[in-house]
Amino acid sequence: MKGKLGDMMQQVQKLQQQMEQNQKDLATKEVVGKAGGDIVSVTMNGQHQVKSIRIDHDMIDGDNEMMEDLLVAAFNDALNKVSELQQIDMGDLTQGMQLPPGFKMPF
């Protein structure tokens with residue numbers, strides 16, 4: 001029993017180190033959320049920081065309400081893509097680990 005607990009603690013420590021590295025890696029990855037068929041695009045890194053916003057003003061033609069709606073949609077698209085990226089990275093981390101049923105990550 002003691003050996004299994006020690007092994008599990010080592011796995012948790014290793015996982016924590018890998019999670020810290022993944023957070024650093026996510027900061028360098030970027031996703032692009034789009035709306036309106038590329039009328040609006042939002043570039044965001046894996047830490048939810050907005051890097052740029054691009055708006056094709058010729059397609060908006062002064063319709064501020066439409067531009068606001070497209071911005072919201074593009075931000076939400078980018079946020080969803082970051083969440084997917086994080087889930088993929090987390091899945092890669094926990095793959096092969098023997099975690100108890102119902103164990104949720106991150107802690």
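A: Helices (H or I, at least four residues) and strands (E, at least two) are DSSP runs, numbered from the N terminus. In this protein chain the elements run α-β-β-β-α-α from the N terminus on, that is, three helices and three strands. The model is predicted: local features need pLDDT of at least 70, side-chain atom pairs count only at pLDDT 80 or more, and totals for chains, interfaces and linings use all residues. Residues are numbered from 1 along each chain as its sequence is written, and side-chain values use heavy atoms, with hydrogens and water left out.

Q: What percentage of the 107 residues of the protein chain count as buried?

A: Buried means under 20% relative accessible area, with a 1.4 Å probe and protein chains only. Of the 107 residues, 25% count as buried.

Q: Is S41 buried or exposed?

A: S41, found in strand 2 (residues 40-45), counts as buried because its relative accessibility is 9%.

Q: Which residues does S41 touch, not counting residues up to four places away in sequence?

A: A contact means heavy atoms within 4.5 Å. With that exclusion in sequence, S41 touches V32, G33, K34, S52, I53 and R54.

Terms used
Buried < 20%, exposed > 50% of the residue type's maximum accessible area, 1.4 Å probe, protein only.
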